[in-house]
Amino acid sequence: FTADTVFAKSYFTGDQMDAYFGAGTLSRALMWLVGPLAAVMFPRIVHSAAKAEESDLMRVVLLGTLILAVGGALGLWIVGPFVVKLIYPARYAAQAITLLSWYAWAMVPLALANVLLNNLLARGFFRVVPALIILAAGYTFALTRFHDSPLTVIKVLGSFNLLLLAVSAWYSQRAPSSENNLAAT
């Protein structure tokens, strides 16, 4: 969610970093918009899993997250340039506008993966954790190698968010749906 910014601080300075922060702040707002959906879903999924009840809650939350995240990304893509010009200094507003749409769209798969991962963990399906650790290590490695521009860092972020979504979806397809997975792991 914010590791890219920590790495970017060591690679970029001045207006480049200011533009990166600006685009990142607006784009990460998408996660603040949809994050509560997964947070509210978590205890309800735990309850359903403990009672071995079927629930469509994850699908509803995933669809709601998709609609809100895509709508937010479209909003940042369309309205974002006007907002950036209003709230950020002109010296880096143009670069922030260039980064904004890339950054916003990189947040969409992260938002969806967050729902899937919350569902897996709420149901006690912890087999996903080693894959997440490997993915995090790969992401860290990639950020140390691919940082020639702020846009490259955002593309690495987006690529790994897509990988996170793919891993989350793959494990979600393999997780038993109605049994309490705490005993299975």
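The model is predicted. The protein chain holds 7 helices and 0 strands, and 44% of its 185 residues are buried. Its mean pLDDT is 90.

**Overall build**

- Read from the N terminus, the elements of the protein chain follow the order α-α-α-α-α-α-α.
- The C-alpha trace of the protein chain spans about 55 × 35 × 20 Å along its principal axes.
- Among contacts in the protein chain with a separation of 6 or more, 81% join residues 24 or more positions apart.

**Surface and charge**

**Nonpolar core**

- In soluble globular proteins, nonpolar side chains tend to be buried together.
- The largest nonpolar core of this chain has 56 residues, and Tyr20, Val84, Tyr103, Met107 and Leu120 have the most contacts inside it.
- Two or more residues of this core come from each of α1 (3-11), α2 (14-50), α3 (57-78), α5 (90-122), α6 (129-145) and α7 (150-174).
- Helix α5 gives the largest share of this core, 19 residues.
- Val84, one of the core residues with the most contacts, touches Leu26, Ala93, Ala96, Ile97 and Leu100 when neighbours within four places in sequence are left aside.

- Met107 lies in helix α5.
- Met107 counts as buried because its relative accessibility is 1%, and the cut-off for buried is under 20%.
- Beyond its neighbours within four places in sequence, Met107 is in contact with Ser27, Arg28, Leu30, Met31, Leu157 and Asn161.
- Met107 and Phe12 are 95 residues apart along the chain, and 21 Å separates their C-alpha atoms.
- Leu165 belongs to helix α7.
- Not counting residues up to four places away in sequence, Leu165 touches Pro109, Leu112, Ala113 and Leu116.
- Leu165 and Val6 are 159 residues apart in sequence, with a C-alpha to C-alpha distance of 22 Å.

- Pro36 sits in helix α2.
- The relative accessible area of Pro36 is 45%, so Pro36 is partly exposed; that class lies between the cut-offs of 20% and 50%.
- Pro36 and Ser168 are 132 residues apart in sequence and 19 Å apart in space, taken from C-alpha to C-alpha.
- Ala52 is in the loop between α2 and α3.
- With a relative accessible area of 46%, Ala52 is also partly exposed.
- Most residues other than glycine have a negative phi.
- The phi of Ala52 is near 55°, a positive value in a residue other than glycine.

**Confidence**

- A pLDDT of 70 or more is reached by 95% of the residues in the protein chain.
- Over residues 178-185 the pLDDT stays under 50.
- For residues 178-185 the model has 20 contacts beyond four places in sequence.

Conventions. Residues are numbered from 1 along each chain as its sequence is written. This is a predicted model: local features need pLDDT of at least 70, side-chain atom pairs count only at pLDDT 80 or more; totals for chains, interfaces and linings use all residues. Side-chain values use heavy atoms; hydrogens and water are left out. Helices (H or I, at least four residues) and strands (E, at least two) are DSSP runs, numbered from the N terminus. Buried means under 20% relative accessible area, exposed over 50%, partly exposed in between (1.4 Å probe, protein chains only). Contact means heavy atoms within 4.5 Å. A nonpolar core is a set of buried Ala, Val, Leu, Ile, Met, Phe, Trp, Tyr and Cys residues joined through side-chain atoms within 4.5 Å. pLDDT is the predictor's confidence in each residue, from 0 to 100.
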